[in-house]
Amino acid sequence: MADGFVIEGLDQMHRQMLAFVRNNFPRAAEAWCEGLAMRLMERVASLAPVDKGRLRNAFITASMGQSNEDAFFDKIGRGGNVTILAGSNVSYADHVNTGHKLRNGEWWEGYHYFDDAWDEFEAEAIDWLADRLEELFNASFE
C-alpha cells in the first residue's frame, strides 16, 4: 500500500483481551473485593473506640473474613459481579459511629470511624486496584 499502513496481529490481540476479560478478570475481581473489604475492616477496627473489646473485636473478626454473632462478613455474587458486606452486628455500633441523642436531649456527635476509615483507605485502595489490574493485564499478554 502506497498511502497506508498495515497492523498485523490485531485479531490475535483482540482474542487475548476477550479471553482475559472472560477468564481472568472475574476471579481476580472477586478475590480483590474480599481482600479490600478485609483491609478496610482492619482500618475500621483500629479507629473504633475501646469499649471493653466487643465492638472492636467485631470489626477484627470481619477483617478476617469471618462472621459470628457480633460481626458479619458476607460475599454476594461471584466473579466480576461481587458485593461484600462487612461490619458489626453489635446493636450500638451505629450509634457509636454516627452519634445519637442523649437522655438529656443533647446530641452526641459519635466517632465516625467508618467514614474516617474509608477516607484514609480510598486512595490506597484505588492505587492498589490499579496495580493489580496492570499486573493481571501484563500477565495475560506474556
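Reader: Let's start with one residue. Where is the place of Asp70?

Author: Happy to begin there: Asp70 sits in the loop between α2 and β1. Keep in mind as we go that this is a predicted model.

Reader: Does Asp70 count as buried or exposed?

Author: The call rests on relative accessible area, with buried meaning under 20%. Asp70 has 14% relative accessibility, so it counts as buried.

Reader: Which residues does Asp70 touch, leaving aside those up to four places away in sequence?

Author: Its contacts are Arg54, Ala58, Gly87, Ser88, Asn89 and Val90. One of these, Ala58, is itself buried in α2.

Reader: Which other residues of α2 are buried?

Author: Besides Ala58, the buried residues there are Leu55, Phe59, Thr61, Ala62 and Ser63. Just after α2, Gly65 takes a positive phi of about 75°.

Reader: Take Val44 as an example. What does Val44 touch, not counting residues up to four places away in sequence?

Author: Val44 is in contact with Phe59, Tyr113, Phe114 and Ala117.

Reader: Now for empty space. How should I think about finding it?

Author: Rolling a probe the size of a water molecule over the atoms shows where empty space is left. In this structure, the largest pocket holds about 230 Å³ of space. Of the 14 residues that line this pocket, Cys33, Leu36, Ala37, Leu40 and Trp118 are the closest to its centre.

Reader: Which elements give two or more residues to that lining?

Author: They are α1 (10-47), β2 (83-88) and α4 (113-140). The most comes from α4, with six residues.

Reader: Finally, how should I read the confidence?

Author: Where pLDDT is low, the predicted coordinates should not be read in detail. Here the mean pLDDT of the protein chain is 88, and 94% of its residues reach 70 or more. Among the elements, α1 has the lowest mean, 87, and strand β4 (residues 107-108) the highest, 96.

Methods: Residues are numbered from 1 along each chain as its sequence is written. This is a predicted model: local features need pLDDT of at least 70, side-chain atom pairs count only at pLDDT 80 or more; totals for chains, interfaces and linings use all residues. Side-chain values use heavy atoms; hydrogens and water are left out. On a 1 Å grid over the protein atoms alone, a cavity is a set of points where a 1.4 Å probe fits but cannot get out, and a pocket is an open set with protein on both sides within 12 Å along at least five of seven lines; lining residues have an atom within 4 Å of a point. Grid points are joined across faces, edges and corners, and a volume is the space filled by probe spheres set on the points. Helices (H or I, at least four residues) and strands (E, at least two) are DSSP runs, numbered from the N terminus. Contact means heavy atoms within 4.5 Å. pLDDT is the predictor's confidence in each residue, from 0 to 100. Buried means under 20% relative accessible area, exposed over 50%, partly exposed in between (1.4 Å probe, protein chains only).
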